[in-house]
Structure formats: structure tokens, C-alpha cells
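Thanks for coming, everyone. I have one structure to walk through today. Please look at the sequence and the model while I talk.

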Amino acid sequence: MFKFWKNMDEDDKSRLVKATGLVIALFTLFTLCSTVSYFFTWKADQSLLTSRIAETSADASNIAGKLGFRWANLLVREWFGLGSLVLIIALFAISVRLLLGRWHYSMPKTLLLTLSGGLLLSFILAYISGLFGLGNLFGGGLGGECGESVVSWSRNLFGGFLTAFILIALVILW
């Protein structure tokens, strides 16, 4: 499958790994800028969801432009809410590992803890959004639509009190 990798000399492999790390680092920076900007400009940019991305009549308020708004909207509103910020930590760890050749912690453990923590944070924030009526914040609540659908399903099945107990138990297990 990766015959090209076997045929490359060590210098070319090193350059390819560093180039990949640089691309991931730039993507991490793009994700950070677009997501942080989304928190401040999400209401102003909502009209962009119905227009084509290449349409020139509408400008984005997001610092990363229309593409940044749509990426942040996907992460924050449609997926994991504020929990999506852990994706930046995971991407940063990957880019450091590729650029510097080392990461002081176990990479699988880092990725497992950050991504599972982000998912759990999404559920907890969706539960809190429901308690305090913040379901429309950032377009999908503090936990995003993914967290909201899981918490709604759990509330429907188990009730609010048991859902809170389950979330507390998951935090303890995490």
C-alpha cells in the first residue's frame, strides 16, 4: 500500500514528515482562529449558511473568512459545542510530534484523553444548556447539536436526574 514510503531515502522521509507536520500546524492555527472568532461573530454570519461559499455578495465576519465560519459552525454548532476546542489540542500534539519528532506523553493516550474528554464535555455542556435555557447559544447550545441529541435521548429514556448521575459517573471514569 505504501510502496513509495519504502522506496524513499531517510532525508526524503524526514522532509515529508516535517511538511505534513507543518500542514497540520497551519490547519490547527486555522481551526483555532476560526473557532475563537466564531464565538464572537456567529450571529452576524448566520446568513452565510444559505449562500454558496464562492458567492461574492456576502462577506464573513469570521477572521478566517467564509470557510473558517463554515468549519467552526460544523465543529461548534453541529458537532460538539465548546467541547470541539479539544480538537485543537489533539491537532497541536500531532503537529508537534511530526515537526519535532517527539511528544513528551504517549500520543495514543493524549489523543484518547483529549477526544473522549471533548465528547464528554459536549454532553455535560449540553445538559447545562438545557438546565439554564442556553440551547440557542452559538446556534446549537454549549454542547452542540451532537451533545444535545445524546442528552435529549438520555433524558427521554432515563429522566433528568439519572442523566446527571450518568454524566457524573462518566466524569469519574474518565
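Leu112 is exposed, because its relative accessible area is 60%, and the cut-off for exposed is over 50%. Leu112 sits in helix 5, which covers residues 107–132. Now find Ala90. Leu112 and Ala90 are 22 residues apart along the chain, and their C-alpha atoms are separated by 9.1 Å.

One caution before going on. This is a predicted model.

Now the whole chain. How many helices and how many strands does the protein chain have? Seven helices, zero strands. Read from the N terminus, the elements go α-α-α-α-α-α-α. The C-alpha trace spans about 60 × 50 × 30 Å along its principal axes. The chain has 174 residues, and buried residues make up 34% of them. Next, contacts between residues at least 6 apart in sequence. Of these, 64% join residues at least 24 apart.

On to helix packing. Two packed helices are described by the angle between their axes and the distance between the axes.

Pair one is helix 2, residues 10–41, with helix 4, residues 86–100. Their axes come within 8 Å and cross at roughly 155 degrees. That makes helix 2 roughly antiparallel to helix 4, since angles over 145 degrees count that way. Helix 2 passes helix 4 in a left-handed crossing. Who meets whom? On the helix 2 side, the residues include Val17, Leu22, Ile24, Phe27 and Leu32. On the helix 4 side, they include Ile88, Leu91, Phe92, Ile94 and Leu98. By class, this contact of helix 2 with helix 4 has 12 nonpolar residues, five polar and one charged. Lys18 of helix 2 is among the residues in this contact.

Pair two is helix 2 with helix 3. The angle is about 75 degrees, and the axes are 8 Å apart. That makes helix 2 roughly perpendicular to helix 3. From helix 2, the contact uses Phe27, Phe30, Thr31, Ser34, Thr35, Tyr38 and Phe39. From helix 3, the residues include Leu67, Phe69, Trp71, Ala72, Val76 and Arg77.

Is Gly65 buried, exposed or partly exposed? Gly65 is partly exposed, with a relative accessible area of 22%. Ser37 is 28 residues away from Gly65 in sequence, and the two are 9.8 Å apart, C-alpha to C-alpha.

Leu120, Phe123, Ile124 and Tyr127 of helix 5 meet Gly160, Thr163, Ala164, Leu167, Leu170 and Val171 of helix 7. This contact of helix 5 with helix 7 divides into eight nonpolar and two polar residues, with no charged ones.

Stay on Thr163 for a moment. Thr163 is in helix 7, residues 160–173. Why does Thr163 count as buried? Because its relative accessibility is 2%, and buried means under 20%. Its contacts, leaving aside neighbours within four places in sequence, are with Tyr127, Ser154, Arg155 and Phe158.

Last topic, the nonpolar cores. The largest has 11 residues in all. Its members are Tyr38, Phe39, Trp42, Leu48, Ala58, Phe69, Ala72, Val76, Leu125, Phe138 and Leu142. Which elements give two or more residues to this core? Helix 2 and helix 3, residues 65–80. Helix 3 supplies the largest share, three residues. There is also a second, separate core of six residues, including Tyr127, Val151, Ala164 and Leu167.

One more look at the largest core. Phe39 belongs to it. Setting aside residues up to four places away in sequence, Phe39 touches Val76, Leu82, Leu85 and Phe138. Both Val76 and Phe138 are listed in that core too.

That's the tour. Thank you.

Note on methods. Residues are numbered from 1 along each chain as its sequence is written. This is a predicted model: local features need pLDDT of at least 70, side-chain atom pairs count only at pLDDT 80 or more; totals for chains, interfaces and linings use all residues. Side-chain values use heavy atoms; hydrogens and water are left out. Axes are lines fitted to C-alpha atoms, for helices over the stretch in contact, and angles run from 0 to 180 degrees between N-to-C directions. Helices (H or I, at least four residues) and strands (E, at least two) are DSSP runs, numbered from the N terminus. Angles under 35 degrees count as roughly parallel, over 145 as roughly antiparallel, 65 to 115 as roughly perpendicular and the rest as oblique. A crossing is left-handed if the near helix is turned anticlockwise from the far one by less than a right angle, and right-handed if clockwise. Contact means heavy atoms within 4.5 Å. Ala, Val, Leu, Ile, Met, Phe, Trp, Tyr, Cys and Pro count as nonpolar, Asp, Glu, Lys and Arg as charged, and the others, Gly among them, as polar. A nonpolar core is a set of buried Ala, Val, Leu, Ile, Met, Phe, Trp, Tyr and Cys residues joined through side-chain atoms within 4.5 Å. Buried means under 20% relative accessible area, exposed over 50%, partly exposed in between (1.4 Å probe, protein chains only).
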